[in-house]
Number of protein chains: 2
Amino acid sequence: MERRQFLGLAATSAAALSIAGCEQAGIIPPAQVERAVAEDASLPNIEWQMATSWPANLDSIFWSAQLVADRVAALTDGKFTILPRAAGELAPPLEVLNVVEKGTVPIGHTVSHYYANRGAITAFGSGLPFGLTARQQNAWLYEGGGLDILHEAYADQFNIIQFPAGNSGVQMGGWFNKEINSVADLAGLKMRIPGFAGQVMERLGVAVQLLSGGEIFQALQNGAIDAAEWVGPYEDEQMNFHTVASFYYYPGWWDPGSSVEIQINLDEWSNLPPQYREALKSAAYEANLMLMARFDARNPAALNRLIDTGGVTLLPFPDDVMKAAEEAASELFVETAAADPEFASIFKEWSAFRDAIQAWHGLAERGYLQYVGRSR
Amino acid sequence: MERRQFLGLAATSAAALSIAGCEQAGIIPPAQVERAVAEDASLPNIEWQMATSWPANLDSIFWSAQLVADRVAALTDGKFTILPRAAGELAPPLEVLNVVEKGTVPIGHTVSHYYANRGAITAFGSGLPFGLTARQQNAWLYEGGGLDILHEAYADQFNIIQFPAGNSGVQMGGWFNKEINSVADLAGLKMRIPGFAGQVMERLGVAVQLLSGGEIFQALQNGAIDAAEWVGPYEDEQMNFHTVASFYYYPGWWDPGSSVEIQINLDEWSNLPPQYREALKSAAYEANLMLMARFDARNPAALNRLIDTGGVTLLPFPDDVMKAAEEAASELFVETAAADPEFASIFKEWSAFRDAIQAWHGLAERGYLQYVGRSR
């Protein structure tokens with residue numbers, strides 16, 4: 001504790017920025033290596049509580065938080081233990097970033113677009129409407145400079161460092177209590193949908209509500225909302241949404257490669273032995289890959305169950321809904337950029353990356369998928 | 001050394017199988033945990049040479065081998081060092097598996113379809129023609145039971161344990177010294193293409209050669225071959241193939257989510273402290289994610305350079321080539337399964353997984369990509 005107080009906030013922020021720079025170059029700062037060597041014989045026992053935004057029964061997204069904890073324990077011979085806690089235990093589900101920022105909780109597992117009210121740039125951490133697929137999001141974050149940009153922004157604004165730790169791929173378009181045949185059918189609909197996607201839906205006439213995952217079922221059941229998006233077949237099935245809504249739409253255009261992230265208070269991060277920091281980073285890579293793998297492996301059978309025994313009607317969004325949403329998203333980005341220079345600066349780089357990688361994926365990747373789609 | 005000799009081959013194989021089982025359940029065997037705790041105060045310094053199949057100038061695939069080494073060092077406070085060596089330094093580039101099997105070299109970084117001559121099941125480690133995309137391959141390996149099956153097979157047949165450690169996504173269809181307007185144009189063509197894909201090409205009239213990456217340029221230059229596939233724009237550009245062939249085709253249908261893997265001799269693996277094994281597994285996840293991210297981030301600009309200043313003609317494979325290749329691949333799988341019960345058993349599970357996941361990806365994922373493709 002003395003040490004943390006000695007470092008103080010100003011020193012910590014400087015340290016954080018230099019850490020971000022070193023990570024960009026893949027280098028551990030020499031001072032920290034020395035400290036690690038000196039401390040190696042007696043690495044400390046550390047126990048962290050982890051705040052999450054998820055019900056603990058979700059053996060995909062909550063499981064991915066547990067994966068981070070398990071990997072860190074395995075890499076540190078059990079000396080650094082992290083205990084993921086269900087939404088609400090340490091913080092309200094949509095306030096994980098806030099408690100990590102304050103330092104009340106050292107680490108969180110959440111989705112950054114829940115914090116749109118804290119600044120538009122949070123959208124880049126999870127994903128933007130009509131933006132990057134899972135692979136494109138990882139390419140931008142890890143190798144396109146995205147994570148470096150976000151590290152600086154999160155350090156400045158939230159005293160947090162964050163790492164991608166899961167992805168859903170293109171999600172389903174959500175649950176509706178009636179058929180949507182055109183944009184006009186959206187007017188007046190009360191829908192749970194967070195972030196930029198919610199703002200887009202508002203422009204299409206939807207009355208948007210921001211609810212946490214655990215609140216959706218009851219809101220659909222008692223008619224407080226008419227529609228909700230969550231993730232995809234496997235997790236939606238666990239949430240029992242098919243028992244309170246019948247129409248299941250696709251595709252989710254809101255964040256086609258939505259990243260989950262771990263967020264760590266920077267004071268706590270700076271005080272960790274370098275080996276523990278490396279363990280956390282390493283665990284986040286694994287969780288990122290594994291959550292996507294689990295969704296991909298389990299969604300197919302879950303979707304079949306929802307249709308075969310769940311009585312769900314599966315439908316694509318009408319083309320005019322997709323077009324109207326994309327146009328509204330484009331307008332929203334222009335207006336947000338005009339009002340927020342930081343968003344504008346990141347959006348410019350992000351857009352260029354998106355256009356280039358979508359052109360590339362339109363070639364070999366889409367060429368293959370289109371052939372396979374036609375031939376089967 | 002005494003300890004290794006004491007363990008002996010039979011004991012090691014039993015240990016390996018139990019390790020594979022425990023990993024499947026995500027558990028470290030209790031005896032090993034005890035050993036780790038006992039040894040923790042004095043974890044040994046270990047230095048391994050790593051044989052690779054790659055020229056060292058490839059800052060994508062060779063870089064991903066270095067990533068494994070860097071991560072392991074960072075997680076073990078520099079005590080466990082791995083030194084990736086260029087193709088040919090420790091072993092011929094297409095004999096990495098063989099030297100790791102013998103124990104001459106403890107660890108390798110290679111692609112399993114190079115070892116098709118050692119058994120058809122090696123194809124599942126990298127990928128099959130008209131098979132799984134990168135995401136699908138990861139889903140099958142990690143969460144669809146694929147890696148568990150392969151761990152058993154590799155332990156039995158090669159005394160090796162392997163982990164996915166990189167992916168290329170759908171590759172380009174390769175370099176040709178003439179235009180390919182139909183299947184007939186393939187007849188008599190001499191082409192470098194390994195594994196099942198080579199056998200498919202043989203059925204389309206191609207004279208197939210198995211060359212390592214480092215041998216392709218010269219073979220194209222001196223006319224020993226007329227065509228070759230490697231990876232994609234970024235790496236192909238580094239190989240200078242555009243200076244010796246003009247026609248660049250897409251998509252690569254041979255292994256649409258080709259995995260690179262680390263292969264570790266099982267005796268060496270069994271003798272590692274558990275923390276070092278965990279570090280290797282963790283590093284492999286990271287490398288898997290990061291190689292894909294690097295290819296995705298760098299391919300777009302590389303492709304533009306190849307076209308704009310490299311004078312390359314970019315063309316899709318004609319539909320009849322794709323159809324003939326898919327039919328030949330299907331026949332080949334049927335014949336291989338009839339002759340090889342182990343292949344048949346894995347192929348049955350793999351096919352069911354492929355069909356289910358491709359149906360799921362045909363919905364939300366393809367729905368989104370098709371919309372984006374149309375609207376831009």
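**View 1. Helix H7 of chain A lies across strands E4 and E10 of chain A.** In this predicted model, H7 covers residues 146-158 and runs at about 130° to E4(A). Helices (H or I, at least four residues) and strands (E, at least two) are DSSP runs, numbered from the N terminus. Axes are lines fitted to C-alpha atoms, for helices over the stretch in contact, with angles from 0 to 180 degrees between N-to-C directions; contact means heavy atoms within 4.5 Å.

**View 2. Here's the open sheet of chain A, with five strands in the order E2-E1-E3-E10-E4.** Its pairing is mixed, where pairing takes at least two DSSP bridges between two strands. E2 (80-85) and E4 (160-167) are the edges, each pairing on one side only. From one strand to the next, the twist averages 25°.

**View 3. Zoom in on E3 (residues 107-110) and E10 (residues 259-265) of chain A, an antiparallel pair with four bridges.** A:Thr110 has A:Glu261 of E10(A) as its bridge partner.

**View 4. Helix H12 of chain A (residues 274-308) meets H6 of chain B (residues 134-143), with axes coming within 8 Å.** They cross at roughly 90°, so the two count as roughly perpendicular (65 to 115 degrees). Among the contact residues are A:Leu289 and A:Arg294 of H12(A), plus B:Tyr142 and B:Glu143 of H6(B). The contact's residues split into seven nonpolar (Ala, Val, Leu, Ile, Met, Phe, Trp, Tyr, Cys, Pro), one polar (the others, Gly among them) and five charged (Asp, Glu, Lys, Arg).

**Notes.** Residues are numbered from 1 along each chain as its sequence is written, and chains are lettered from A and ligands numbered from 1 in written order. Local features need pLDDT of at least 70, side-chain atom pairs count only at pLDDT 80 or more, totals for chains, interfaces and linings use all residues, and side-chain values use heavy atoms, leaving out hydrogens and water.

Methods. Parallel < 35°, antiparallel > 145°, perpendicular 65-115°, else oblique.
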